[in-house]
Amino acid sequence: MSHHLDTPLAAQNGQLYLNDLYVFDGERGTVFVMDVNSSVTRADIKRGFHHEARYEFKIHFNGADLEELTYRVAFGEPDADGRQALTLHALTSTEARSDAATGELLVQGRTGEVVSNDVLRLWAGRITDPFYIDLDQLATVNDAFKNGAELDRSKWRPENAKNSFAGTTVESIVLEVSHDEPMLRDGSQIGVWCTTKLATDAGGWRPINRAGHPMMWPIFWPTDTDFSDPANVRHPCDDLKADGENIASTVARVVAANGTAPDPNAYGWSVARQVYPDLLSYRVGTPANYGFAVRNGRTMLDNAPEVMFSLVLNTGMTSGLTADVTQGARSSTFPYVVAT
């Protein structure tokens, strides 16, 4: 589950820890963006991507429990300039769910350079982080969830909001797949998540981190700084059965304390069913928007903290910030991010 904040594991190897997932319509097709390795963890963060890891975009179709398309990105060791070789493979059908499968090599190149073929473009490198939030506001939400208590709005004022991630950077993988790709034509309904996996001594692959909806870990597991909760390693199809009761009861306690739902238990379960399975839902070719009324993909402009706080508390919450605070971190042309 995505998380930016400083934790012991993220500080040791942020290259394996996901920060954000974005899915939206680009210049030529569907854009998938995976960010890892936030510099908020510490000043001397190790740059680049882990050379013994896999970074995967997982794509489900028409509400299916299991993915039928995986885009797998892998990296070599950094050279003297910090650049890394990279490869992109596509895996389909049952292979999309197999760590042992190799799939089809689509492109290969180097970080910091655009690599492409007839139906896709890929770029990976260090960027200015487009995510924005005031962590003081998150602290007030965390207090309410931790104690099942009324939200104390006196501790934070929207007019004083500041972007706690201003000036921070992340490593980003940006993949744009043309609408000419048969599996991702206009109108296709997809569910997307991403995952990082690390090679094991036994020759297999160990799941490290996964991401779908934003803000899941900082809202529901803020004290789990060693990522021991099994949410990060289970498959999304198991989310609701394994953890739906926990999400529902946690939300129910908070909305009951705040008086924002006539039936707190029913509302808690409605939230659990919206965030589980933990996938970003998107209709290919449509304008993406992670918003209050509609959650259809996610762009780098969307105020995800504001949306998630409002959802879990069942009341409108302003973040005090707009996408203007990260205007310099976005581009209207591929790769849509700003390299540092």
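**Cysteines and a helix pair in a predicted model**

Mentor: In this predicted model, a search of the whole structure finds zero disulfides.

Trainee: What makes C194 count as buried or exposed?

Mentor: The term buried applies under 20% relative accessible area, and C194 has a relative accessibility of 0%, so it counts as buried.

Trainee: And why is C237 called partly exposed?

Mentor: That class lies between the 20% limit for buried and the 50% limit for exposed; C237, at 34% relative accessibility, therefore falls within it.

Trainee: Turning to the helices, why are α2 and α6 called roughly parallel?

Mentor: Helix α2, residues 135–147, packs against helix α6, residues 304–313, at an angle of about 20°, their axes being 12 Å apart. Angles under 35 degrees count as roughly parallel, and therefore the two helices are described in that way. The crossing of α2 past α6 is left-handed.

Trainee: Which residues of α2 and α6 make the contact, and how do they divide into nonpolar, polar and charged?

Mentor: From α2 come Q137, L138, V141 and F145, while α6 supplies F309, V312 and L313; six of these contact residues are nonpolar, one is polar and none is charged.

Definitions and conventions. Residues numbered from 1 in each chain as written. Predicted model: local features only at pLDDT ≥ 70, side-chain atom pairs only at ≥ 80, totals over all residues. Heavy atoms only, no water. Axes fitted to C-alpha atoms, helices over the stretch in contact; angles between N-to-C directions. Helix = DSSP H or I, 4+ residues; strand = E, 2+ residues; numbered from the N terminus. Parallel < 35°, antiparallel > 145°, perpendicular 65-115°, else oblique. Left-handed = near helix turned anticlockwise from the far one by under 90°. Contact = heavy atoms within 4.5 Å. Nonpolar A, V, L, I, M, F, W, Y, C, P; charged D, E, K, R; others polar. Disulfide = S-S within 2.5 Å. Buried < 20%, exposed > 50% of the residue type's maximum accessible area, 1.4 Å probe, protein only.
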